[in-house]
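This report describes how two chains meet in one structure. Please look at the region where they touch.

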Amino acid sequence: MGKKKNKKVVRPWCWYCERDFEDEKVLIQHQKAKHFKCPHCNKKLNTAGGMVVHVAQVHKETIDTVPNALKGRESTDVEIFGMEGIPQADMIAHMHALETDQPTKKIKTEEPMELSSEEIKKQLAQHQAMMQNSSTTGQPFSYSSYSTTQQNMPSLMPHQYSQFYQRPGVNSGQTYSPVTPYRPNQIPGQSLPVIPSQPWRPSVSGVSQPLYGQIQPATTGQSAIYPSRPANSVASASQIYPQVPHATVSGMSPSGQHSYTAYTGASATNTTITQYQETAPTSTVPSVGDTMTSNETTTNIIQSNTQQTAQKTVPKVVLVYSDNEVSMEEKRAELEKYRYNEDQFRQQSSMF
Amino acid sequence: MSYSRPSTSASNEAPKDYEVPHGPNDSVSAVSFSPVADFFTVSSWDTYVRIYEANMSTGAAIGKALYNHEKPVLCCAWSKDGTKVISGGADNAGRCFDITSQQVGQIAVHDQPIKCIKYIENHNLVLTGSWDKTLKYWDMRSSTPVLTVNLPERCYALDFSYPVLVVGCAERHVQIFDLSKDPRTPVKSLISPLKWQTRCISTFLNRSGYSMGNVDRDCTGYAIGSIEGRVGIQYFEEKENQSSFSFKCHRENNHVHAVNAISFHPTYGTFSTAGSDGTFNFWDKDSKQRLKGFSSIGGPITSTTFNSNGSIFAYALSYDWSKGLISQPQRTAVFLHAVKDEDVKPKPPKKR
């Protein structure tokens, strides 16, 4: 209920220059024109990564800053598309700015419909109450609030994913998230009370720290990823986290395992010729790392908002055949009708 | 950079083509034209290889011969002199049918079904590629292979223009061999430029390689198709005016179909793509244009080929397993398309 009322609060805004816009379409137009335009030929790309690849391939030059961006936001490594991919911390900072600066005026003039100042005040009060609450308990980064905000993330991820990757098939129930193999929840008999449902993200609590390496011996790359995590250090999680895709790569390389790990790793290492480097998974992941300053209400707004826009803008592309590991013919040949009998085969080859 | 999309173009016309009578009873795995006459073979999942003659004067095709494997046939090809038909199947065997003596003999054996077969006239050898992750070279008189080459993954597609052999494997591996130097070790091992499973590969020659009385016949690159409606044109050596690129095709609305077949025109060097969506298109890679598009024939196209002079384009309508096991019977038919010169002739590049 609260979600529905609040969703109009945030106007789409540009992470690179902190401008906000009437709707996301305009924002995307703005980004393409201001931040993702190739400086050499004025071609408008969809993302900063796309621009980097374009400049590298077409003009054989490297570009490492996003034009017209604010200081500190010039990185081309952050995948922004409209409202997608904005680091949580910045998102929250933006929310704060909106709420604390001139909330009523801003919203009255630019969002005249549907939202009364009462509601905003109420929300603000709520927010402040929560902030106060957490500071009085002396646990601004308490696990409980942390985990609740995180719980909402999995629902967001698929959209983000398909948004960035523009890769069909993801919505059809396939999990290509590079993080999937590391879910701590898979551990049988292991209780992780702090993070009851965040299957996509390893625990940040020191409690689970010694588990890695023990319980997942199958994939050796794993222990390398989480070598020695300092207990209770939240920041370390976000530091370690971005490394995951790389570690996956090195873990799989020459042996050619057919596991999902291997595949996702391979897809992350598109090297020379590919035109789709804008999709490198690394970039979205770190953005999730630091949400601790948030309160639940704010994140909810953000999420419902981004989710909505994601649904609007992403055309649902469906791969008719989406099994990347096995070919159609191999599957077909497995069918009883077509399958070759091993005994028959031996007989025949001995005759031959 | 990209071709105009088939769906947006108005030039699609329904192909009205000749259906080969007495076609196979199950899906077609491959169609192949004799390099010397207008004979063609159709290999099928019904275990048979059928040999037809296309009569150019009457415009009809008649069955000439057939032979069978113990299990579905996955590939077929002709010897250079047009006297032998070779085929490989799910019975892990390669067979050779002698047109003159009408005799069938086994010429190759693998541990897994043979997905690809080619006749290499320069060495008078048969090359087979299998899901057992090997390539084997056979001299047809011996029961042991002349040479076995290990691949990183299951062989899905291969093509060669002597001396260059390009093999596409599972997990997006691509191996390029130089047969005149060392067929044992690839000169290049790379990962497909496309992000999804390799479906088909076709090598192409340099421009002059397609003109009459060509002396300078260099294989300059290959086209690779994936299950995600995308074709990559890859040059071995990047030059000023020709660099590798990829383009989308065989997509309707938000459904992305596999690219099942790519065939290069023997005299013009333009090429066809055909997909699970039941359409086929003619393209010019040099001007980056679609020359001609046809509307869907109502079911997947599994294989295509041009005859030796490029006047006939044969394609097979049959179910390709892209939706797995489905209950309703799918139509199987082989069509002969009289190629119009203007549909396959290269066009000058569009002005931008």
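In this predicted model, B:Arg199 forms a salt bridge with A:Glu329, and the closest N and O atoms are 2.9 Å apart. A salt bridge is a side-chain nitrogen of Lys or Arg within 4 Å of a carboxyl oxygen of Asp or Glu.

| Kind of pair | Count between chain A and chain B |
|---|---|
| Salt bridges | four |
| Residue pairs in polar contact (both at pLDDT 80 or more) | 17 |

A polar contact is a pair of N or O atoms within 3.5 Å; within protein, one must be able to donate a hydrogen and the other to accept it, and residues adjacent in sequence count only if both atoms are side-chain atoms.

On chain A, helix H12 (260-268), strand S1 (318-319), helix H14 (328-334) and helix H15 (342-351) each supply at least two residues of the side that touches chain B. H14(A) gives the most, with six residues. Helices (H or I, at least four residues) and strands (E, at least two) are DSSP runs, numbered from the N terminus.

S1(A) also runs parallel to strand S23 (residues 255-256) of chain B, joined to that strand by two bridges; strands pair if DSSP finds at least two bridges between them. Here A:Val318 stands opposite B:His255.

The contact (heavy atoms within 4.5 Å) takes 42 residues from chain A and 54 residues from chain B.

Residues are numbered from 1 along each chain as its sequence is written, and chains are lettered from A in the order in which they are written. Local features need pLDDT of at least 70, side-chain atom pairs count only at pLDDT 80 or more, and totals for chains, interfaces and linings use all residues, while side-chain values use heavy atoms, with hydrogens and water left out.
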